[in-house]
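Please open the structure in a viewer and keep the selection tool at hand.

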Amino acid sequence: MSSESRRPLVAVAALGGTISMVPGDGEDHAVPRLSAKDLLGGLVDDLAMDVRAETLAGISSASMDFATLIKTRDWAAQAVDEGAQGVVVVQGTDTLEETAYFFELTWASEAPIVITGAMRNPSLPSADGAANLVAALTVAADPRSRGRGSLVAFNDDVHLARWVRKAHSSHVEAFSSNPAGPLGLLAEGAVHYFHPVAARPAALPVGDADFSGLVPIVESGVEDTGELLETLVKAGVKGVVIAANGAGHVSAGAADVIERALPEVPIVIAGRTGAGPTFRSTYGFRGSESDLIAMGATMAGWLDPRKSRLLLHTLLATGASRDRIEAEFRLRGDLDT
């Protein structure tokens, strides 16, 4: 058989989540019970591909950790080495955007890695898991998905991991990519991309990474004195992401704490709004973006606090210097570099 006529192979890793949850006999509440084989069922019978599936975990995505992410990434990389044209990761939606971005940071292959899940478990009317899984398989098998890195396929939209976020707690249209919008969509069993393949930053190596230690997110707000941040710094955190007001602003009191902490702890300033970048040179008051940059804080650019935490934690886990942290946030957070 020629390579042109060979059916693509897609590897599927199941980690649990709503898509795998059903109530047991005599129970009212759904918990993860379905395996990768259960999820696939006969879904692939009418798809022009072969599928290799394995259950790697059976957890709520609220319990996702770096150990599971690295295990899944390594499994996916091995599947590609063994001939898979693409990989699908099935998990819960609560932390799906973070999983997607971790893979974007650490996935070196040209083969796509596609994350999906469900908002309604299989026991509910209009459960969306099967449709999302078929969409993810379709994206992973399509040659036009190569070189696009980590993608999210959900509700017939295809999102880039860099932009996607969970924007609703219960709707099936739960994921959005504001302000960039979806990368593509699925229609009539095919994926349609709106943009060509773009260059991606090099993957961060995590073979010897040490993810121990805390990298918390601290949100700014009314009457923020910086006391919580100071407590965390004294407790020995490895780094901190500030979910700052507006375009990257904190109170004067918080700015004082940040200035004292920066010699010891790297601090990243991200915007809490959910859309828009942190500024660099517009305001000059105490706690403004200009003030924080002058102290040595790193601005997250367009990365939201959750993605900023993933990037900072990964960099710290690999022993990155302050200069490297600044450079990586410039590379991955700004749009003009």
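The stops cover a helix, the nonpolar cores, a pocket and the cavities.

This is a predicted model, in which local features need pLDDT of at least 70 and side-chain atom pairs count only at pLDDT 80 or more, while totals for chains, interfaces and linings use all residues. Residues are numbered from 1 along each chain as its sequence is written, and side-chain values use heavy atoms, with hydrogens and water left out.

**A helix**

Select residues 96–106, which form helix H3; helices here are DSSP runs of H or I of at least four residues, numbered from the N terminus. Because 11 of its 11 residues are buried, H3 is largely enclosed by the rest of the structure. Buried means under 20% relative accessible area with a 1.4 Å probe, protein chains only. Among the buried residues of H3 are Leu96, Tyr101, Phe102 and Thr106.

**The nonpolar cores**

Next, select Val87, Phe102, Leu311, Leu312 and Phe329, the residues with the most contacts inside the largest nonpolar core, which has 51 residues. Helix H2 (residues 66–81) gives the most to this core, with 7 residues. Such a core is a set of buried Ala, Val, Leu, Ile, Met, Phe, Trp, Tyr and Cys residues joined through side-chain atoms within 4.5 Å.

Centre the view on Leu312. Leaving aside neighbours within four places in sequence, Leu312 is in contact (heavy atoms within 4.5 Å) with residues including Val215, Val241, Pro266 and Phe329.

**The largest pocket**

Now select Leu160, Arg162, Trp163, Ala198 and Ala199, which lie nearest the centre of the largest pocket among its 25 lining residues. A pocket is an open set of points on a 1 Å grid over the protein atoms alone, with protein on both sides within 12 Å along at least five of seven lines; lining residues have an atom within 4 Å of a point. The volume of this pocket is about 620 Å³, where a volume is the space filled by probe spheres set on the points, joined across faces, edges and corners. H3 and helix H9 (322–333) each supply at least two residues of the lining.

**The cavities**

How many cavities of 30 Å³ or more are there? The count comes to 2, a cavity being a set of grid points where a 1.4 Å probe fits but cannot get out. For the largest cavity, of about 140 Å³, select Gly274, Ala275, Trp302, Leu303 and Asp304, the closest to its centre of the 15 residues that line it.

Finally, select the lining of the second largest cavity, including Val218, Asp224, Leu229 and Ile258; about 50 Å³ of space lies there.

Methods
Buried < 20%, exposed > 50% of the residue type's maximum accessible area, 1.4 Å probe, protein only.
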